[in-house]
Amino acid sequence: MTSDLDRLIIAGVLALAALAVLFWPQANGRRDWHQGLRHPALWVLLSLAVSFAATAILRHGVVVLGILPFIGALWPGSTASAKPEPPPQPRAAAPPKVMSRAEALEVFGLTPSTTREEVLEAYRHMLWFANPEHGGSDWLIDKLNEARDVLLKH
């Protein structure tokens, strides 16, 4: 059977955990204890802490355990009575940047006076190195395809 001192130590640890929940940074990064008051874990931890302390001191902790969780629901502005906030609007994705002819030439290391055959030869050569089996990536293959398409379009 645990001693009264053990119960008081457990109550202290639970109270410290409740303080951590109270001052834990919110989703926006701010430490707002008003928001912490609305967190259900705070009330569970506090009720357990008071229950352990009351059991150690008064021997009547079970009653406190059943009563304290409802205090959070009675608190003004608690989550039970608060209206949920609408979800944030998603940001529009940036339009994809189209590769210029100069960038496409730079990808293959070609000059502006290159022929169609030279572009295809450089593309096939670079494609081998861009293969994921040879240390490349799908992103690199996409860039090579885009550069080829820009140079070969009429």
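Predicted model: local features only at pLDDT ≥ 70, side-chain atom pairs only at ≥ 80, totals over all residues.
**How exposed is Asp149?**

How much relative accessibility does Asp149 have, and is Asp149 buried or partly exposed? Asp149 has 44% relative accessibility, so Asp149 counts as partly exposed.

**The fold at a glance**

Let us begin with the chain as a whole. The secondary structure is made up of 8 helices and 0 strands, so reading from the N terminus gives the run α-α-α-α-α-α-α-α. The chain has 154 residues, and buried residues account for 24% of them.

Of the contacts between residues at least 6 apart in sequence, 47% join residues at least 24 apart. The accessible surface of the chain is about 11,500 Å², and carbon and sulfur atoms contribute 66% of that area.

**Salt bridges in the chain**

Side chains of opposite charge can pair when their charged atoms come close. Here, a search of the whole structure turns up 2 salt bridges. One of them links Glu146 with Lys143, with 3.5 Å between the closest N and O atoms. These two residues are 3 apart in helix H8 (residues 138–152), so about one helical turn separates Glu146 from Lys143. Glu146 is partly exposed at a relative accessible area of 22%, and Lys143 is partly exposed at 28%.

The other bridge brings us back to the opening residue. Asp149 meets Arg148 in a salt bridge, with an N to O distance of 3.0 Å. Asp149 is partly exposed at 44% relative accessibility, while Arg148 is partly exposed with a relative accessible area of 21%.

**Aromatic pairs and a charge over a ring**

A pair of aromatic rings is described by the distance of the centres and the angle of the planes. In this model the count is 2 aromatic pairs. For Phe108 and Tyr123, the ring centres lie 6.5 Å apart and the planes stand at 85°, so this pair is edge-to-face. Phe108 belongs to helix H6 (residues 101–108) and Tyr123 to helix H7 (residues 116–130), so the pair ties together parts that are 15 residues apart in sequence. Both residues, Phe108 and Tyr123, are buried. The other pair is Trp128 with Phe129: their ring centres are 5.0 Å apart and their planes are at 85°, so this pair is edge-to-face as well. Trp128 is partly exposed at 49% relative accessibility, and Phe129 is partly exposed at 44%.

The charged end of Arg148 sits over the ring of Tyr123, at 4.6 Å from the ring centre.

**The surroundings of Phe108**

What does Phe108 touch, leaving aside residues up to four places away in sequence? The list is Ala122, Tyr123, Met126, Leu144, Ala147, Arg148 and Leu151. Phe108 is in helix H6, and its relative accessible area is 9%, which is under the 20% cut-off, so Phe108 counts as buried. One of its contacts, Leu144, is 36 residues away from Phe108 in sequence, with a C-alpha to C-alpha distance of 8.2 Å.

Leu144 also figures in a distance to helix H7. Arg124 lies in that helix, and Arg124 and Leu144 are 20 residues apart in sequence, with 9.5 Å between their C-alpha atoms. Arg124 is exposed, with a relative accessible area of 55%.

**A loop residue and a surface patch**

Between H6 and H7 there is a loop, and Thr114 lies in it. At 15% relative accessibility, Thr114 counts as buried. Not counting residues up to four places away in sequence, Thr114 touches Leu105 and Val119.

Our last stop is a nonpolar patch on the surface, formed by Leu5, Ile9 and Val13. Together these residues have about 300 Å² of accessible area. Ile9 is found in helix H1 (residues 4–22), and Ile9 is partly exposed at 48% relative accessibility.

Technical notes
Residues numbered from 1 in each chain as written. Heavy atoms only, no water. Helix = DSSP H or I, 4+ residues; strand = E, 2+ residues; numbered from the N terminus. Buried < 20%, exposed > 50% of the residue type's maximum accessible area, 1.4 Å probe, protein only. Contact = heavy atoms within 4.5 Å. Areas by Shrake-Rupley, 256 points an atom, 1.4 Å probe, with all protein chains shown as cover. Salt bridge = Lys/Arg side-chain N within 4 Å of Asp/Glu carboxyl O. Phe/Tyr/Trp six-rings, centres within 6.5 Å; stacked < 30°, edge-to-face > 60°. Lys NZ or Arg CZ within 6 Å of the ring centre and 35° of its normal. Patch = residues over 30% accessible without salt bridge, like charges linked within 9 Å, V, L, I, M, F, W, Y side chains within 5 Å.
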